[in-house]
Amino acid sequence: MSAIAAPAAAGRERVTQLRVIVSEWTKLRSVRSTSWSLFAATVLTIGFPILASAVISAHWGQRSPGDRAHFNPIDPALVGSQIAQLAIGVLGVLVMSAEYSTGMIRASFTAVPKRLPVLWAKAIVFAAVTFALMLPAVLIAFFASQSILSRHHVNLHFSDPHVARAVIGAALYLTVIAIFALGLGAIVRNTAGGIAAFAAILFVIPPLMNVLPTSWNNAASPYLPGNAGRALLAVRPDSSSLAPWTGFGVFCAYAAGALVVAAILLVRRDT
Amino acid sequence: MIEARDLTKDYGDKRAVDGLSFDVRPGIVTGFLGPNGSGKSTTMRLILGLDRPTKGHVTVNGKPYREHPAPLHEVGALLEARSVHTGRSARNHLLALAQTHGIPKKRVDELIDHVGLHEVARKRAGKFSLGMGQRLGIATALLGDPHTVMLDEPVNGLDPEGIQWIRTLLKGLAAEGRTVFVSSHLMSEMALTADHLIVIGRGRLIADASVTDFLAGASKPLVHVRSPQGEALREALQGPDVTVTVVEPGLFEVLGLTAAQVGEAAAAHGIVLHELSPHQASLEEAFMDLTRGELEFAAT
C-alpha cells in the first residue's frame with residue numbers, strides 16, 4: 001500500500017483546458033446513451049431522406065403539374081436532419097443533466113473546481129462530435145436522395161446555387177442545436193426538465209405563435225431559435241424567414257446565450 | 001492540513017454548519033464525528049468548494065480548494081453520496097478524472113488492482129454493490145496521490161475484511177505524513193482508527209481533542225452498584241448531576257459519582273452494598289454523553 005501511495009507514483013501536472021477536453025471525450029464515449037443517440041441521429045438523418053425521396057419518386061406520375069412546380073428537392077434531402085435534432089437535443093441535455101442525476105458532477109467539480117473548463121470542454125467535445133458525424137450524414141443524405149430523384153430529372157446538384165451552403169448548413173444547424181441543448185441541460189440540471197424545455201422551445205412554441213395576430217406572428221416567428229437557424233437550410237429565397245446567415249447568426253446567439261447563462265449559474269450555485 | 005475558521009452554511013433558513021473552527025493536522029488520523037444530520041457531509045462539501053459557505057472560510061494546504069492548480073494532488077475525497085455516473089465503467093470513471101490532471105493510465109490500472117476491483121473494472125458502476133462502490137470511491141480519492149485524504153463514512157457498506165483494509169489504509173496514509181480526515185457516526189469505528197477527534201452536533205463544534213483526552217474529559221464517571229436497599233440508595237445519592245437508573249432489580253447504574261463517593265454515601269446512610277464497580281466509559285458512551293441534547297431527533 002505504501003508503494004502505491006508513494007509520492008513518486010503520480011506526476012504533479014496541473015489542470016488545463018486541453019486536459020479537461022480529453023477527459024470529457026472519455027466521458028462522452030464511455031456511456032451508452034451517447035452511442036444510441038448518435039446512432040439514431042445518423043440513421044434518421046440519412047434514412048428519412050432516402051425514404052422520402054423513394055416515396056416521392058414512386059408517386060411522381062400522380063402529382064399535379066402545380067405540385068411538381070412547387071416541389072423543392074432540397075426538402076426531402078434535409079428532412080432527416082430536422083428529425084435528428086431531437087436525438088441530438090436529448091443527448092445534449094443528458095451530457096449535462098446525467099452528471100447531476102448520478103452525482104458524477106461532484107467528482108467532476110472536485111477534479112476541476114473552477115468548473116467552467118468542464119462546461120467549455122463538454123460544449124467543444126459534443127459540438128465537434130456532432131459536426132464530425134452529421135456532416136457526412138447530411139452529405140450522404142443529399143447525394144442519395146438526389147440520385148433517387150434524378151430519375152425524374154428534378155434533382156439538385158451540389159454545385160447548384162445555395163445548395164452547398166444549405167447542406168453543410170444542416171450539419172452546422174445540428175451542431176448549434178447540440179450546444180443549445182447542452183446549455184439548457186446545464187441551466188435546468190434535470191433530464192426531464194431539460195428535454196421538456198428543449199422540446200418546448202423548438203417544437204411547441206413555434207405552432208403556438210399562430211394564436212398571435214398575423215402581423216405579430218410574422219414579425220416574431222422568424223426570430224424563434226429553430227426558425228432562425230433553419231434559414232440556413234433554404235435554397236430558395238423565402239420572404240417569411242430571415243436571410244440565411246442572419247438567421248443562423250440569431251440562432252448562434254441563442255445558443256451562446258444559453259451557454260453564458262449556464263456558465264454564470266454553474267459558478268454561483270452549490271452542487 | 002485543513003483549516004476551517006467560523007465556517008457557516010445555511011440552506012434556506014436551516015443552519016447546517018454553525019461557526020465551525022478547527023484544524024486537521026498532517027501525520028495523524030483525525031476522526032470527524034457527529035450524529036447523522038449533524039453537518040459532517042456539508043462541512044466536507046464546503047472544504048472541497050462544492051458548496052459556498054454563508055460565512056467564514058476554509059483552506060486546504062494553505063489555499064481555498066478552488067485555487068489549487070492541481071486539486072486532485074492536494075485533496076483526495078470520498079463523499080458520502082455516490083459521485084459516479086452509473087452507466088460508466090469503473091475504469092473509464094477513473095480514467096476521465098485522471099485525464100484532467102494528466103495522470104497516466106498506468107496509475108489508474110494500479111489503483112484498480114490496489115482496491116480489488118480488477119475483475120469488475122470494465123463493468124458499469126451502476127451495477128456495483130455498496131462495498132464495491134466504496135472501493136471505487138477510495139480509488140478515486142487516491143488517484144492524485146494527495147497530501148490530504150478526506151473520506152466521508154468510508155466503512156459504510158464494507159464487509160469486515162473491507163473495514164479492516166480501510167483501517168490499515170488510513171493508518172498507513174497518516175504514517176506517510178499525510179493529513180487524513182475521516183467522518184463517521186460510529187464512535188467505535190473511530191476508537192480503532194483515529195488519533196484525534198473533532199465532534200460536532202447540529203453543525204456546532206462540541207469537542208476537538210485527542211482520543212485519550214476525549215475519553216478522560218468528556219465522560220462522567222459511571223458506577224455499577226448492587227444493593228438490596230434500592231430506594232434508600234437512590235435517596236442517598238441524589239444530587240444535581242447524578243442519574244441513577246435501574247438496570248435490573250437490585251442493580252443500579254450511577255452516572256456522575258465516583259465509586260468512592262457512592263461507597264461513602266452508602267456508609268453514611270447505613271446502606272448495604274453487594275457490589276460496587278467503577279466502569280470505564282467507552283468512547284461510544286462518551287460520545288453519546290456529549291451529543292445528548294444535540295441530536296436533532298433524539299431517540300426516546
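I count two strands as paired if DSSP finds at least two bridges between them. Helices (H or I, at least four residues) and strands (E, at least two) are DSSP runs, numbered from the N terminus.

The model is predicted: local features need pLDDT of at least 70, side-chain atom pairs count only at pLDDT 80 or more, and totals for chains, interfaces and linings use all residues. Residues are numbered from 1 along each chain as its sequence is written, and chains are lettered from A and ligands numbered from 1 in the order in which they are written.

Sheet in chain B. I found an open sheet of 4 strands, antiparallel, in the order β11-β12-β10-β13. Its edge strands are β11 (243–248) and β13 (275–279) of chain B. I looked up the pair β10 (222–226) and β12 (251–255) of chain B, and 5 bridges join them. In this pair Val223(B) is opposite Val254(B). Helix α9 (230–237) of chain B packs on the sheet and touches β10, β11 and β12 of chain B.

Contact between chains. I take residues as in contact if their C-beta atoms, placed from the backbone, lie within 7 Å. Chain B gives 43 residues and chain A gives 36 residues. On the chain B side, α3(B) gives the most, with 5 residues.

Helix α3(B). I call a residue buried if 20 or more other C-beta atoms, placed from the backbone, lie within 10 Å of its own. In α3(B), 10 of 10 residues are buried, among them Arg91(B) and His93(B). The cover includes α2 (17–29) and α6 (104–111) of chain A, with α4 and α5 of chain B.

Methods:
Two residues are in contact if their C-beta atoms, placed from the backbone, lie within 7 Å. A residue is buried if 20 or more other C-beta atoms lie within 10 Å of its own, exposed if 12 or fewer, and partly exposed in between; C-beta atoms are placed from the backbone. Axes are lines fitted to C-alpha atoms, for helices over the stretch in contact, and angles run from 0 to 180 degrees between N-to-C directions.
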